[in-house]
Amino acid sequence: MKYKLIIDKLNTYAPQIWDERIIPFLDQINLYTANEIWESTPSYKAINMEWFTIPTYLKEIEKEYDVKILLAVESGSRAWGFESKDSDWDVRFIYVHRPDWYFRVIEQRNVIEKMMDDGADIVGWELRKALTLLMKSNTSMLEWFNSPKVYYIDREFAERIHKIEKDFFNPIRAMYHYNHIYNKHNERYLQRENCNIKRFLYFLRGVLACKWIEQHMSLPPVNFSQLVDAVVDDINICNAINALIKIKKSGIEHDMTIIDSKLIEYTYELANHYNQIIDTFRPQLNIVSTDALDSILYDMVHSQNNKQ
């Protein structure tokens, strides 16, 4: 049907105004233009995805699995601030089951995964799994808690997490995490003159994250531009990075370009430095009690019992 997209959206988001009798008049009011805008304009699609479609998916997941989502965020390039026009949505969330789920001898699946046709890659971790990963200073988990793009947040849960997350940050593990990321991208993708912009930015982000950790002993900013501003002192290097981000955001996911030679030299110098010190980077670590994590798990599960 010519206006299927418009009809579907109205049925979903404004059913109170939808009436099949308006179909013959759509041509007269030129709504086909809106249909084309949706299909061809990334910014229009992004707004719709982030404000309506993804929250709808999350509500459907809660209903389908009988869970409560405590936090849902964007990860990957859209959270880092250098998404391309056709970048997917990497939605990550933490959820809690009703209390009876936690009293079973046979271990239950603790991950929910959904890949949607519109490019939304949705993955959720059950609360106990998420808190266990936080206890182990899982860097991806910590990035979720600090994503600048939030789809849903339980205020009590978020406030309690932010009070304790720094206590569980392990700079050694984080350094290894980002070091592995940039070495993987260098080995697999970057040994060529014309470079995939996405892969070079992933490589660069890993290197600069290591620099942040060495200087601050804390989780690097999730937003890439903030990270660059904080750790890159050379204005010419900053300008080269910002130009690369601009190209990435205006292009498509697998575009190739020639990277500024000074930026390449700068990045590889840092990369080699952290490759050399990674095995001797051993700052003193504090021993942290897990009582606060146990308390969060108990209270969040108990709150589900009260809602039954």
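At what angle do the axes of helix H8 (residues 171-189) and helix H9 (residues 197-216) cross, and within what distance do they come? In this predicted model, local features need pLDDT of at least 70 and side-chain atom pairs count only at pLDDT 80 or more, whereas totals for chains, interfaces and linings use all residues. Residues are numbered from 1 along each chain as its sequence is written, and side-chain values use heavy atoms, with hydrogens and water left out.

The axes of H8 and H9 come within 8 Å and cross at roughly 155°. Axes are lines fitted to C-alpha atoms, for helices over the stretch in contact, and angles run from 0 to 180 degrees between N-to-C directions. The two helices are therefore roughly antiparallel (angles under 35 degrees count as roughly parallel, over 145 as roughly antiparallel, 65 to 115 as roughly perpendicular and the rest as oblique). H8 passes H9 in a left-handed crossing, a term used if the near helix is turned anticlockwise from the far one by less than a right angle. The contact (heavy atoms within 4.5 Å) involves residues of H8 including Pro171, Met175, Tyr178, Tyr182 and Tyr189, and residues of H9 including Arg199, Tyr202, Phe203, Cys210 and Ile213. By class, this contact of H8 with H9 has 13 nonpolar, four polar and three charged residues; Ala, Val, Leu, Ile, Met, Phe, Trp, Tyr, Cys and Pro count as nonpolar, Asp, Glu, Lys and Arg as charged, and the others, Gly among them, as polar.

H8 also packs against helix H12 (residues 261-277), with axes that come within 11 Å and cross at roughly 130°. That angle makes H8 oblique to H12, and the crossing of H8 with H12 is left-handed. Met175, Asn179, Tyr182, Asn183 and Asn186 of H8 meet Tyr268, Ala271, Tyr274 and Asn275 of H12. The contact of H8 with H12 comprises five nonpolar, four polar and no charged residues.

H9 has a further partner in helix H10 (residues 224-231), with an angle of about 50° and axes 10 Å apart. H9 and H10 are therefore oblique to each other, and H9 passes H10 in a left-handed crossing. Among the residues that meet are Leu201, Leu204, Leu208 and Trp212 in H9 and Phe224, Leu227 and Val228 in H10. The residues of this contact of H9 with H10 divide into 10 nonpolar, one polar and two charged.

The protein chain holds 13 helices and seven strands, defined as DSSP runs numbered from the N terminus (helices H or I, at least four residues; strands E, at least two). Of its 308 residues, 49% are buried (under 20% relative accessible area, with exposed over 50% and partly exposed in between, for a 1.4 Å probe and protein chains only). The largest nonpolar core has 73 residues, and those with the most contacts inside it are Leu127, Phe157, Leu208, Phe224 and Ile241. Its largest share, 12 residues, comes from H9. Such a core is a set of buried Ala, Val, Leu, Ile, Met, Phe, Trp, Tyr and Cys residues joined through side-chain atoms within 4.5 Å. Isoleucine 241 touches Leu204, Leu208, Phe224, Val228, Val232 and Leu263, not counting residues up to four places away in sequence.
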